[in-house]
Amino acid sequence: MAKVTIDGHTIEVPDGTTILQAARMLVDKNPEVDAKIAPPTMCYYSKLKTSGGYCRTCIVKVTKGSEKDPRPMPKPVASCRTNVMDGMEVVNITSPELLEARKGVVEFLLINHPLDCPICDQAGECHLQDLGYEHGLAKTRYDFSRRTFAQIDIGPYIKLHMTRCIMCFRCIKVADQITNNRFQGMLFRGDASEISTYIEKAIDNDFSGNVIDVCPVGALTDRTWRFKSRVWFTKPMDAHRNCTKCSGKVAIWMKGNEVLRVTSRKDQWGEAIDWICNDCRFEKKDAKDWVIEKPSHISRHSVISQNHYENLAQLKLDIGKQQKQIASKK
Amino acid sequence: MAQVEIKFNEETLALVHKMIKRYPEGKHKSALLPILHIAQAEFGGWLSPETMDYVASVLNIKPIEVYEVASFYSMYNLKPVGKCLLEVCRTSSCWTRGAEDVVKHLEKKLGIKEGETTKDGMFTIKTVECLGSCGTAPLLQCGASYHENLTLEKVDKLLEDYRAAGKRRSYTDMDYKNTL
Amino acid sequence: MGKKLLIHNDKVPGIATLEVYRQHGGYASVEKALKTMTPPEVLEEVKKSGLRGRGGAGFPTGMKWSFLARPEGVERYLVCNADESEPGTFKDRYLMEVIPHLLIEGMITSSYALGAKTSYIYIRGEYFYVARILEKALDEAYAAGLLGKNILGSDFSHDCYVQVGGGAYICGEETALLESLEGKRGNPRIKPPFPAIAGVWGCPTVVNNVETIATVCPIIMMGGDEYAKIGIGRSTGTKLISASGHINKPGVYEIELGLPVEEFIYSEEYCGGIINGRKLKAVVAGGSSVPILPAELILKNDKGEPRLMSYESLSEGGFATGTMLGSGGFIVYDETTSIVKNLYTFARFYHHESCGQCSPCREGTGWMEKILHRIVEGHGKPSDIDLLWDIQRKIEGNTICPLGDAAAWPVASAIRHFRAEFEEYINHPEKIKDVKHYYSVHQLAGA
C-alpha cells in the first residue's frame, strides 16, 4: 500500500495505482472532496490498456517524490501514467502554476479544433467543451487557418470527422483490444497525423461501434443518429435486452417514444461500463426491443444533468407507471 | 510506364527472409522498415497501396500496420516521384551556405517548383530537413548518393549526368557516390 | 595538438578495411577484454572513465550500463543509436564512414560488458550508404572470427546487425528508436519503464550513441583512470565536434574537453576563423536544440571568464547566459546572418519532425513555425514576440519526450538574446524586403 496526498487530501492505495486513479478514488470515497482534484482526462481510459499520456491535460506536479526519495519531480507528469509512491505529495488544483500549464495544453488542443459545436452531434456531452469551459481562454490567440480534413464514412454506421479529432488514440486501442481485426490506425506524422483506414475500408466487426463511445469529441459519430436531435432534447434511459453478443445493458436515448440512439452506459468519469455490440447499438431502434429500467444516471459531463434530469425523469416514469396501474385496475 | 508486377523475385525474397532472421522468433515485424526501402526501390520508386499490401502479406502483418509506418517516415514516397528525387537540405547549416539558392537554381533549370516532377518523369525536387552533412553544406541527396559542397556548376553537371544515365535512383543503390 | 583517441587514424589510407585497421591496433580492446577481463571489470573501467553519453544528454555511460536489468533467462540487448539527425551534427556519420571498425569494435567490447548476445546498429535511413559500409565491415569482422560464435576462441558469442531507419529525427530519442527497431512508428514511449528494464521487445536494453560506444575502445586500452585524466573536471576525455556554418574550415574535430571556445573557432588547427574575416555574431554550440548564444556570451561567460568546450563551462549561467554541449553540433553564424530567419529554419525543422503523439508539441511546433514564417515574410505583429515566448514556455517540460524542449529552447534563446532583431523585422518590414538573410559562401546565385 502507498500513502499519497493530492491537493492536501490523503488516501492509501494499493501499489501500482496511478496518481489519477488515486485522485478518482479520493473523490469516489469522500463526497466532501472537490471532484476537480481528479485531473481532467482526454486520452486516458481505464478500460483500455496503454491508454493515456498523450493529451497532457491530466498533468500534475509532484512536489515530493516519496518518503524514501522526497525530491520533487522536475517537470509536470501525466497523472494517468505515473504510479504513486509511498509518501508522495501531488498538487493539482492548488497550484496556479500547474493550472497555467494545463491552460496551455487546452489551448493547444483547441487551436486546430473547428469549434463547430452548433452542428456537432457531440455538443452537450463533449469532454473538450467542458475542458475548454473550465480551463480555456475566452479568446483564441491562433489566427491562422485551422487544419481540415474531408469527412469519411467508415462503413454504414460510423462517421469519421477527422477535423475534430484531438488524437487521443482511444479508438485505435479499442480497435486493437476489443475487436479482433484492426483496420484503422494513425497515419502520417505530427500535426498532419490522422486516424484513417488509408483505403477507406469499412470497419467490419461486432464491437466496432464502441469507438464512438470512447471518442472524447465529435470525431467519431453514429451515422444512425446523425442530426436526429440535439442531445439535450433526448432522454437517456438505462435499458436492456437479451443479447447473444454482449451484456445487452445499454442506455437508450429517447424522444417521446422513439429511440434515437443507443450507447453504452457511462460511469461518473464518462467511461463506458460495458462494451456493447453493433446489433444493440445500431439495429435496435424500436422501444419494444428494450426493457426500460430507469432514467440513466448522467455524469457531470452532460448538459442533461442540469435541471435535475434524473429526478424529473424518474418522477415522470413513476407517474406513467401509476397511471398504467390505475388504467389496468379500471 | 509499364505496369510493374508487385512481387519480389527469388533473390530479393531470399534477402528478405535473411533479414527477418536478424530478429528473434516472432519479431519479424522489425524488418518492416528495411523491406519497405527494398519494395520502394523495386516497385517504381514509391509505395502504392498495392505495394504496401504486398509487404504486409510478405511479413504476415496487417496492412494498416504498414500504412501507419510508411506514412510516418519521410523517406517513403506515397505518391509517384521522378526517377531522380533531388532532396535538398534546407536546415540552418545548409541554409547559411546557400541551400535556398540551390533550390531556386534547380527550379529555374528544370522549370518546376519544389515538390513537383518534370514532365519527362526524370526529376522531382524535394526540400528536406537536416541530412547530417552540415560541414559539407550545401548538399543534395539523390538515392544513396550525397552530393556535397555544391556549387551551381556542380548542380548543372549533376543534372546532366543523371539525365544521361537515365536510370532510377534508390536509397538501396550499391553504386553510391559521396564526397565526404 | 590536443589528444586524439578516436579519429587519429582517419587519414590513413584503407583504414576502413579490417586489415589496415588491425595494423593500427584495431580490435585490441576486444582481445584485452575477452582474454583478460571479466564483464564487470570492463564495466568498472567505463565507470571510472567518467565517460558521458555523447549523443546529447551527457548521462554517465557507466551508470547507464549498471542500471541494465539482468533477469535470468531473458535476452539483453545493446542498441547503437546511429540516428544522427540533430541539425549541425555529423560526427557519427564521419566516424562510421571513415573508421567503421571502430564502432564495431566498441559494439563487441560493450556487448561483452553488458552480456548482450545480440546488438543492433540503428542508423538513419538517409545514411543508407554508410549502412553499406558498416555491413561490409561487419562481414569482414565475421570472417575474421571477431563476431559470431566463440569470438577469438572465448566463451563469448555475439551477433551484430545494422538496421536502417526511414527518415525521422524523433528516432534519435531512445524509446522512439526502439519502437522503430520493432518496425513501428517512431513514437517515443511513456517512461517508466526505462529501456534498461524493458527496451526492445520488452527486454532489458542499453541504447548508446555511436561516439560513446567507440570511446569504450580507448577506455579499455588505457584504463578508466587514465582516460579520466584527459579533459577537465567532470567533462572527461575527448569529444567529436561537428563544426559548420560561416567558418573557414568546417568539419569534424576531435578535441580534448576543456579547449577554450575562442581557440576552437579561431585557431588554424580547428575552425580557422570566420569566413572572409567577418565578425562572429552567434553560435549554436551543441546542435540545434541548445540555446543560441551571441558572440560575447559564447566566448566568455557572464563572469567574464573564457568559455571552454566542456559540459560544465558551456552551461555556466544556466539558460539566462549559458547553453549546453549537447551533441557537439557547433554552428557558427557571422554578422550577416539573420537570427530570425535562422530560427525559422529550426522551427520548421521541429514542426516537420514532431511525431504528433502529445498535444503541446504537435500543435505548438506548427504554431511557432507559422508565426515565424509571418515575421520573416514581413507580416509580423507586435504581439507575436510575446506570443512566441508564451507558446515555447507552454511546450517546455509538458511533453512526453525531450523534442518539446528541443523545439522550445531555440525560440526562447533567440528572443532572449536577439529581441531587437525580431522587433526590427516586425516594425520595419520594408528594411528586410529583398535582403539576403545570409551570406552565401559559394556566391551561389552570382551574388
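## A tour of the predicted model, chain by chain

Two residues are in contact if their C-beta atoms, placed from the backbone, lie within 7 Å. Helices (H or I, at least four residues) and strands (E, at least two) are DSSP runs, numbered from the N terminus. Ala, Val, Leu, Ile, Met, Phe, Trp, Tyr, Cys and Pro count as nonpolar, Asp, Glu, Lys and Arg as charged, and the others, Gly among them, as polar.

Two notes before moving on. Residues are numbered from 1 along each chain as its sequence is written, while chains are lettered from A and ligands numbered from 1 in the order in which they are written. This is a predicted model, in which local features need pLDDT of at least 70, side-chain atom pairs count only at pLDDT 80 or more, and totals for chains, interfaces and linings use all residues.

**Chain A**

Along the principal axes, the C-alpha atoms of chain A fill a box of roughly 75 × 50 × 40 Å. Of the 330 residues, 43% are buried. Buried means that 20 or more other C-beta atoms lie within 10 Å of the residue's own; exposed means 12 or fewer, and partly exposed is in between, with C-beta atoms placed from the backbone.

Next, select strand 11 (residues 235-240) of chain A. It pairs with strand 12 (residues 249-255) of chain A in the antiparallel sense, over 6 bridges. Strands pair if DSSP finds at least two bridges between them. Pick Pro236(A): its bridge partner in strand 12 is Trp253(A). Strand 11 of chain A also pairs with strand 14 (residues 291-295) of chain A, antiparallel, over 4 bridges. Here Asp238(A) has Lys294(A) as its bridge partner.

Then go to Arg56(A), in the loop between helix 1 (19-29) and strand 3 (59-64) of chain A. Its phi is near 70°, a positive value in a residue other than glycine. Arg56(A) is buried, with 28 other C-beta atoms within 10 Å.

**Domains of chain C**

The domain assignment of chain C gives domain 1 (18-223), domain 2 (232-334) and domain 3 (339-432); such bounds come from an automatic or database assignment. Select domain 2 and domain 3 of chain C. Their centres, taken over C-alpha atoms, are 23 Å apart. 10 residues of domain 2 are in contact with 10 residues of domain 3. On the domain 2 side, strand 11 (residues 292-294) of chain C has the largest share, 3 residues. That side has 8 nonpolar, 2 polar and no charged residues.

Now centre on Leu257(C), in the loop between strand 8 (251-256) and strand 9 (259-260) of chain C. Leu257(C) counts as buried, with 24 C-beta neighbours inside 10 Å. Beyond four places in sequence, its contacts include Gly231(C), Lys239(C) and Met309(C).

**Loops of chain C**

Look for two cis peptide bonds. One runs from Lys191(C) to Pro192(C), with omega near -5°. Another joins Pro192(C) and Pro193(C), with omega about 5°. Pro192(C) lies in the loop between helix 8 (174-181) and strand 4 (205-209) of chain C.

Asn150(C) is in the loop between helix 7 (128-143) and strand 3 (159-164) of chain C. Its phi is near 45°, a positive value in a residue other than glycine. With 12 C-beta neighbours inside 10 Å, Asn150(C) counts as exposed.

**Last stop: chain B against chain C**

This contact takes 47 residues from chain B and 55 residues from chain C. On the chain B side, helix 2 (32-42) of chain B has the largest share, 5 residues.
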